[in-house]
Amino acid sequence: MFTESRWQKINAYARERVSGNDSYHDIEHTLRTADTAIRLAVAERADRGICWAAAMLHDICKKEQGDHAAEGAKLAKRFLIDIGVDEQTAERVRDAIHFHNKDFDSTAPIERQVLWDSDKLYIETPEGFRKRMLPYWIMRKGRKAGIETAVEEYYFYKARFHTKTAIKEAGKCEKEMEQVIAGLKAEV
Ligand SMILES: [Fe+2]
Ligand SMILES: [Fe+2]
């Protein structure tokens, strides 16, 4: 399964692969997602190794055309098998990565739910929203459209968290986020 040397190989490979990603999906995003994934995995009794590996590898095809989750999932599985991870574990990582940009319900494997939620939780906080989400969309679309898209995404993801832990955490910042959003709406 996941030995110390495999952890290191996954870490090095993830860093190399995400190095050319856009400013939002950089190594900081990967490491934050992995930290959150471990925390959610413990709270939700999911497999910590699978959640961590899936989080580390989830955006390795972000800079490529097409469905980055489907492509990243296949590449991650091949990589894990190459470094000696067993087929069943590699397949569970593949599943989580494949679905991290897709809809599914709460009957899905818990590791899939944990990755999806870990990937999106930061943008539900005032810090994540202001620091990463807002500049990302403003840079891509300009001030007015960027603010509108960031706000739309905030609500889109907020309604879709799967695990009890993530739903609770996203709800903690609700009031502060309403103020942030009201301020932005007054601006556009
Ligand atoms: Fe992604
Ligand atoms: Fe991501």
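Lys141 is partly exposed because 14 other C-beta atoms lie within 10 Å, where buried requires 20 or more other C-beta atoms within 10 Å of a residue's own, exposed 12 or fewer, and partly exposed falls in between, with C-beta atoms placed from the backbone. Lys141 is placed in helix 7 (residues 126-141), and, leaving aside residues up to four places away in sequence, Lys141 touches Gly146 and Thr149; contact here means C-beta atoms, placed from the backbone, within 7 Å. The model is predicted, so that local features need pLDDT of at least 70 and side-chain atom pairs count only at pLDDT 80 or more, while totals for chains, interfaces and linings use all residues. Residues are numbered from 1 along each chain as its sequence is written, and chains are lettered from A and ligands numbered from 1 in the order in which they are written.

Helix 1 (residues 4-18) packs on helix 3 (residues 48-57) at an angle of about 20 degrees, the axes being 9 Å apart, and the two helices are therefore roughly parallel to each other (angles under 35 degrees count as roughly parallel, over 145 as roughly antiparallel, 65 to 115 as roughly perpendicular and the rest as oblique). In this contact, Ile10, Asn11 and Ala14 of helix 1 meet Ala53, Met56 and Leu57 of helix 3.

The axes of helix 3 and helix 5 (residues 87-98) come within 9 Å and cross at roughly 50 degrees, which makes helix 3 oblique to helix 5. On the helix 3 side, Ile50, Ala53, Ala54 and Leu57 meet Thr89, Arg92, Val93, Ala96 and Ile97 of helix 5.

How values were computed: Helix = DSSP H or I, 4+ residues; strand = E, 2+ residues; numbered from the N terminus. Contact = placed C-beta atoms within 7 Å. Axes fitted to C-alpha atoms, helices over the stretch in contact; angles between N-to-C directions.
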